[in-house]
Amino acid sequence: MSVPASAYAMLAAAIAAEVAGTTFLQKSEQFTKLVPTLAMAGLYALAFFCLSQALKHVPLGVAYAIWGGVGIVLTAIIGVVLFRQSLDAPAMVGIGLIVSGVLVTQLFSRSVAHG
């Protein structure tokens, strides 16, 4: 079974929307700012819609591993760049392990055929 490129495009869109939504979650200041709160809600809805479309062709476990892993890494980068948060060595090692897990899943798993 070959996974269409469109499934991975929808997965990428889901990741982008989720990361953007999480950025607005931080900017909402615990839902006290209306515009960032509404942006966050809309982006999370878009993320789940796109993820649901990707699940037509990508197995749930694989899609969620990629979505979660890539999302964690991108969110950590945004935290450092936009919000001036710092990551210590154990945090960076942990994130590196997440990246390794996503790579192992993508490169070696037989759960999904690559198209």
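The protein chain has four helices and zero strands, where helices (H or I, at least four residues) and strands (E, at least two) are DSSP runs, numbered from the N terminus. Along the sequence the pattern reads α-α-α-α. This is a predicted model, in which local features need pLDDT of at least 70, side-chain atom pairs count only at pLDDT 80 or more, and totals for chains, interfaces and linings use all residues. Residues are numbered from 1 along each chain as its sequence is written, and side-chain values use heavy atoms, with hydrogens and water left out.

**Overall extent**
- Taken along the principal axes, the C-alpha atoms fill a box of roughly 45 × 35 × 15 Å.

**Helices α1 and α2**
- Helix α1 (residues 5-27) packs with helix α2 (residues 34-54) at an angle of about 160°, and their axes are 7 Å apart.
- Axes are lines fitted to C-alpha atoms, for helices over the stretch in contact, and angles run from 0 to 180 degrees between N-to-C directions.
- Helix α1 is therefore roughly antiparallel to α2 (angles over 145 degrees).
- The contact of α1 with α2 has 20 nonpolar residues (Ala, Val, Leu, Ile, Met, Phe, Trp, Tyr, Cys and Pro), two charged (Asp, Glu, Lys and Arg) and three polar (the others, Gly among them).

**Loop and helix α3**
- L82 lies in the loop between α3 and α4 (89-108).

Technical notes:
Angles under 35 degrees count as roughly parallel, over 145 as roughly antiparallel, 65 to 115 as roughly perpendicular and the rest as oblique.
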